[in-house]
Amino acid sequence: MSKIPQQVIPIIIILMVVVGAFIAARNIFVPESFGEQGHFRTEAIQENMDLEQVYAGADACYDCHDDIVETKSGSYHKGVACEVCHGPALQHIDAPDEFTPRAPRERGYCPLCHGYNPSRPSGFPQIIAERHNPGKACMSCHNPHNPLLPHAPEECAACHRDIASVKILSHHATLPCTQCHTIEKGHKSSPKFTKAHKPTDNSTCEYCHNKGSNGNKLAPKINAEEHSDRYLCWDCHYPHYPEAY
Amino acid sequence: MFYSIISPLLNSMPGLSGYVFPNEYELHWSILIVIYPYLTGLVAGAFILASLERVFKVSALKPIYRLSLLTALAFMIIAPLPLLAHLGHPERSFEMFLTPHTASAMAMFGFVYAWYLMVVLLLEIWFDYRKDIVIWSNEKKGVVKYFYKLLTLGATDISDKAVAFDHKIGRVITIIGIPSAFLLHGYVGFIFGSIKANPWWSSVLIPIVFLFSAIVSGIALMLIVYMITSMVRWTKMSMKCLNKLAEFLLYAMLIDFSLETLDFIHRLYESEESISILSEMISSRLFISLIITQIIIGSLIPMLGLVFGRFGKLPDELRRMIYFISAILVQVGIFSTRWNVVIGGQLFSKSLRGLTTYKLDIFGIEGLFVAIALLVAPIGILWVLTKILPPWNEMGAVQKDIEKMSSSESA
């Protein structure tokens with residue numbers, strides 16, 4: 001003992017106190033079931049299971065509303081569960097007459113998914129609610145359980161809003177989409193099965209832009225043989241906004 | 001390329017250009033996360049500077065040895081506060097210690113921090129001051145006397161043998177402290193460098209760059225603190241010490257600047273798909289804070305100043321002024337380094353097609369005033385620490401040496 005310098009003793013004591021306090025704190029504060037099955041409290045699973053359930057799950061709806069299920073199962077909304085729009089409905093399952101799930105009819109509801117947002121994929125039906133039949137309820141034209149369009153879209157922009165919004169700012173604004181794309185008849189009614197065709201070679205652009213071509217006389221001209229013949233036009237120029245590059 | 005196409009569309013969203021995912025428009029890591037590596041870097045830098053005197057026996061730095069330790073402690077106490085303020089719920093932070101997840105670098109940092117604060121800094125300061133504390137506990141009167149008595153922790157032996165032991169153990173702690181300081185700030189760089197989804201951060205060089213910029217900022221800080229404290233106390237500064245500090249600062253800056261340039265060239269040469277958006281970010285959003293502030297004002301000008309000030313034939317007054325201005329510029333430069341890393345890493349979209357803007361709050365927990373308070377607080381703590389443990393006492397003992405040094409220099 002005498003060999004240990006005096007000043008080391010309080011340090012050792014403090015160290016022991018700190019380590020002791022740490023061990024004690026772990027014993028007091030760490031819940032008993034912590035770490036049994038992983039880095040969490042095992043009891044938390046039971047606590048979550050004990051929470052009051054509010055959702056019934058889509059299968060429960062099928063028992064009574066088989067007609068709607070049948071309609072919906074063949075539609076574009078087949079992947080959207082009933083309670084996404086109708087809200088939690090377990091109470092309705094338990095007491096169908098006393099509790100009726102909500103049926104959103106206000107115009108603000110459908111645009112939650114179908115309002116225009118540039119991060120949504122091209123082709124996903126998107127509208128600008130302020131311009132799309134203002135004041136009219138969505139359901140007056142679209143059946144939410146089978147949301148086929150009341151008529152084939154008149155403009156490509158109905159689905160390809162992102163491209164249309166860019167094109168309208170460019171010198172190509174006045175060109176119809178069909179100037180470059182061949183659209184087969186079925187594309188508007190079932191776009192997933194009948195794709196629109198895209199140009200595959202430079203001749204589409206050269207129709208207007210090649211020197212001496214028959215297309216638009218005012219379009220900027222190039223000599224197609226000398227102008228980067230190894231590349232496709234859209235390797236460098238974005239056709240929907242060609243001024244950008 | 002794509003951002004220039006659709007940018008006209010997005011003029012209605014201020015500060016946004018190109019395509020940015022909806023959850024990237026607003027930055028999640030604010031100025032508080034800028035301050036955190038800045039403060040931690042100052043701690044590590046100040047400590048490494050102190051260790052130069054202790055371990056490598058750079059006697060010219062003797063006047064600032066204790067001051068560096070106290071500065072490191074003052075900044076260390078505040079260093080985790082920006083994180084606590086940013087995360088909210090500081091009352092839960094202790095859970096990180098009680099049930100740490102070994103796969104989480106953040107959780108492990110708690111232990112690195114605790115180790116560094118308790119085992120390295122506090123122990124080293126205590127052993128270094130022990131003899132003085134015992135003397136003060138005998139000399140002082142009233143409550144102060146008992147305060148110092150408490151600080152002695154009951155160890156009142158100040159025989160030559162005991163003091164020699166203090167020195168010996170202090171040296172051992174410093175030797176342990178150097179890798180600990182490297183670990184402390186290397187870890188901060190690691191946190192950013194290991195985020196592989198972010199091309200601005202993901203680089204193995206980041207921890208090393210952070211470490212050297214920490215050393216740079218620590219030395220510059222000590223230069224400033226030493227000059228200001230000497231001026232306030234009307235004492236003569238050791239020109240030898242200042243020259244040595246300036247030299248070390250210059251060398252550390254050269255290494256730091258080379259490493260950062262290496263990182264930059266490496267990125268350019270690798271030319272991954274992110275390079276075009278990063279170039280766009282550097283030439284637009286980060287132009288002022290990276291090119292102007294960090295590189296020109298914060299690195300090149302002070303480096304030139306230090307070369308000129310240290311190796312030019314100048315009168316001491318001018319030299320001191322050049323050192324002081326250079327050190328201030330270095331602080332500005334290092335702060336913008338942290339800014340460019342933390343904020344820069346969030347300004348570009350992970351789609352690599354667009355840029356957003358950071359708008360600093362003025363009020364509120366993530367605001368400018370909180371940031372200023374967190375930057376000023378360590379200075380207040382340092383003032384209190386120098387009242388409790390005056391680092392100049394030893395300087396009184398070496399004052400003669402300093403005067404001797406100064407006279408030999410002028411001769």
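Modeller: Leaving aside neighbours within four places in sequence, B:I219 is in contact with B:G45, B:L49, B:L245, B:F248, B:L249 and B:A252; two residues are in contact if their C-beta atoms, placed from the backbone, lie within 7 Å. This is a predicted model, in which local features need pLDDT of at least 70 and side-chain atom pairs count only at pLDDT 80 or more, while totals for chains, interfaces and linings use all residues. Residues are numbered from 1 along each chain as its sequence is written, and chains are lettered from A and ligands numbered from 1 in the order in which they are written.

B:I219 also belongs to the largest nonpolar core, where B:V43, B:I219 and B:L249 have the most contacts. A nonpolar core is a set of buried Ala, Val, Leu, Ile, Met, Phe, Trp, Tyr and Cys residues joined through C-beta atoms within 7 Å; a residue is buried if 20 or more other C-beta atoms lie within 10 Å of its own. This core has 101 residues, and its largest share, 17 residues, comes from helix α2 (residues 31-54) of chain B. Helices here are DSSP runs (H or I, at least four residues), numbered from the N terminus.

Another helix of chain B is α6 (residues 105-139), with 35 residues. Helix α6 of chain B bends by about 55° at B:R130, the bend being the angle between axes fitted to the seven residues ending there and the seven starting there.

The contact between the chains takes 21 residues from chain B and 20 residues from chain A. On the side of chain B, α1 (2-6), α6 and α8 (160-193) each give two or more residues.

Key: Buried ≥ 20, exposed ≤ 12 C-beta atoms within 10 Å, placed from the backbone. Expected span 1.5 Å × (residues − 1).
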